[in-house]
Amino acid sequence: SGGRGSDGPRLGNLTYSASELFEPISILNSPESHGNVAMVNGYLMVMYSSDGGGTADDGGIEFWDVSDPRDPALVVRHDNVNTHGLREAHGFSFSNDYPGDYMVAQAMDGIQFWDLSDPRNIAMISYMDLPGISAGDYTGDWWVFWQAPYVYVAGTSSGLYVVDATDPADPVLVTQVLTSQMGGLSPAQAFAVGNLLVLMEARNNAFATMDISDPTDPQLLQNFTGRNGYSHLFAAGKILTSGGNGDPNMMVVHSVSHQGAISFVGEAGVNLGNGGYGSYQDGIFHSGFSSQYAKFDIASLSQLGTATSGLEGNDEDFVQVLGNLVFVGDDHGVGSALVAHQVAPDTNGPEVHWVHPMDDASKMALTSRVGVSMSDTININSVGSNSFIVRPAGGQALP
């Protein structure tokens, strides 16, 4: 979890006392609202913009040294005309399929590609306008998922966009799937795992699955009406919902089969605020609920703990698990917290929790992809022929 870069510090995976558990270890402050975060080359990357979709006058990308989580230090803040084009960061995506460490992120009028190889000197590679996308709070593009070279963009009422990013400096729009072609679904989140694309509406209960064995021509598999939630995450074959907006404020779990069939599993949680955004680690779901963060065991459908920064005026929507810490991102610009969710350091290495296509699948399209859902948010730079091996049972590693 977290990550380590050749030119950056390691995330501090320390031991915490029982009195520090579910209490703020430290506070990170920024000019505007924090969104989701990630570890990039050993630094904690924090994206920020004004709440409600962003404006052309603000937005930036920060890199923090959190090798001592009790005393995080801002290393560099990038705040310029290019970063002002970013919208509120719900879900951005990375790829190591290119010469540098590249990221694609939602922009106010489309998507942006960035080279983050040197956190102190990042560079925007391109800004791609998408037809029908414009700045807005619950409109525009909410989410991007990069299964290289294709980027799947959840464009809410404008539908789904498939972008060929073989050359991130010159991306090409391959297709736009309208909401009418997805049973009326207005996608706000999109997750591509192998030949399966899972789509969800924000602040709603509409889900869909699509066959992307031909990445350029997604085909609808199923529409499903599930439980309401503010946002949803797909991990380990399950849709994990941060509930609210009509249903009780709790975690809701749906299962997704390899054929794209969705079914309700269960729920957990009490005394929580309205849902936010979550992350997955080792069978545990961590999510923001506006007034606080909550931790859940998915298998037992139990709530394990809650925490808050306690800052006045906070809106703790974004939660990213980092080892035995979580980043609790504030949506109102008053300060985000690092919180210990377990006392002992995280020593569980990443494991494979779900694969698509399924074992022994046959007659797959020649354009098929193999997707692997992991137990942790992994450091993409650590993935290589020595660390991630695919081989026939008892055989030699494939290239």
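Reply: Let's go from the overall picture down to strands, hairpins and salt bridges.

Me: Before that, what are the ground rules?

Reply: This is a predicted model, so local features need pLDDT of at least 70 and side-chain atom pairs count only at pLDDT 80 or more, while totals for chains, interfaces and linings use all residues. Residues are numbered from 1 along each chain as its sequence is written, and side-chain values use heavy atoms, with hydrogens and water left out.

Me: What is the mean pLDDT of the protein?

Reply: pLDDT is the predictor's confidence in each residue, from 0 to 100. Here the mean is 92, and 98% of the residues reach 70 or more. Watch residues 1-6, though: pLDDT stays under 50 there, and the model has 21 contacts for them beyond four places in sequence. Contact means heavy atoms within 4.5 Å.

Me: How many helices and strands are there in the protein?

Reply: Both are DSSP runs numbered from the N terminus: helices are H or I with at least four residues, strands are E with at least two. This protein has zero helices and 30 strands. Its radius of gyration is 20 Å, close to the 21 Å that the globule rule gives for 399 residues, so the protein is as compact as a globular protein of that length. That radius is taken over C-alpha atoms, and the globule rule is 2.2 Å times the number of residues to the power 0.38. Along the principal axes, the C-alpha atoms fill a box of roughly 55 × 50 × 45 Å.

Me: What percentage of the residues count as buried?

Reply: Buried means under 20% relative accessible area, exposed means over 50%, and partly exposed is in between (1.4 Å probe, protein chains only). Of the 399 residues, 56% count as buried.

Me: Now strands. How do I read strand 24 and its neighbours?

Reply: The general idea is that side chains in a regular strand alternate between the two faces of the sheet. Two strands pair if DSSP finds at least two bridges between them. Strand 24 (residues 293-297) is mostly covered, with four of its five residues buried. On one side, five bridges join strand 24 to strand 23 (residues 284-288), and the two run antiparallel; D297 is the bridge partner of I284. Strand 24 also pairs in the antiparallel sense with strand 25 (residues 302-307), over five bridges, where K295 stands opposite G305.

Me: Which turn residues in those hairpins have a positive phi?

Reply: In the hairpin of strands 23 and 24, with four residues between them, S290 has a positive phi of about 65 degrees. In the hairpin of strands 24 and 25, again with four residues between the strands, L301 has a positive phi of about 50 degrees.

Me: How about strand 19?

Reply: Four of the five residues of strand 19 (residues 238-242) are buried, so this strand is largely enclosed by the rest of the structure. It pairs in the antiparallel sense with strand 18 (residues 231-235) over five bridges, and A235 has K238 as its bridge partner. The hairpin of strands 18 and 19 has two residues between the strands, and A236 takes a positive phi near 55 degrees. Strand 19 and strand 20 (residues 251-256) are also antiparallel, over five bridges, with T241 opposite V252.

Me: How many salt bridges does the structure hold?

Reply: Side chains of opposite charge can pair when their charged atoms come close. The cut-off for a salt bridge is a side-chain nitrogen of Lys or Arg within 4 Å of a carboxyl oxygen of Asp or Glu. The structure holds three. One of them joins E20 and R70 at 3.1 Å, N to O. That pair links distant parts of the chain, 50 residues apart: E20 is in the segment before strand 1 (24-28), and R70 is in the loop between strand 4 (60-65) and strand 5 (73-78).

Me: Where do R227 and E267 lie?

Reply: R227 forms a salt bridge with E267, with the closest N and O atoms 2.5 Å apart. R227 lies in strand 17 (residues 219-229) and E267 in strand 21 (residues 262-268), so the pair ties together parts that are 40 residues apart in sequence.

Me: And E62, is it buried or exposed?

Reply: E62 is buried, with a relative accessible area of 0%. Its side chain meets that of R77 in a salt bridge (2.9 Å, N to O). E62 is in strand 4 and R77 in strand 5, 15 residues apart. R77, at 35% relative accessibility, counts as partly exposed.
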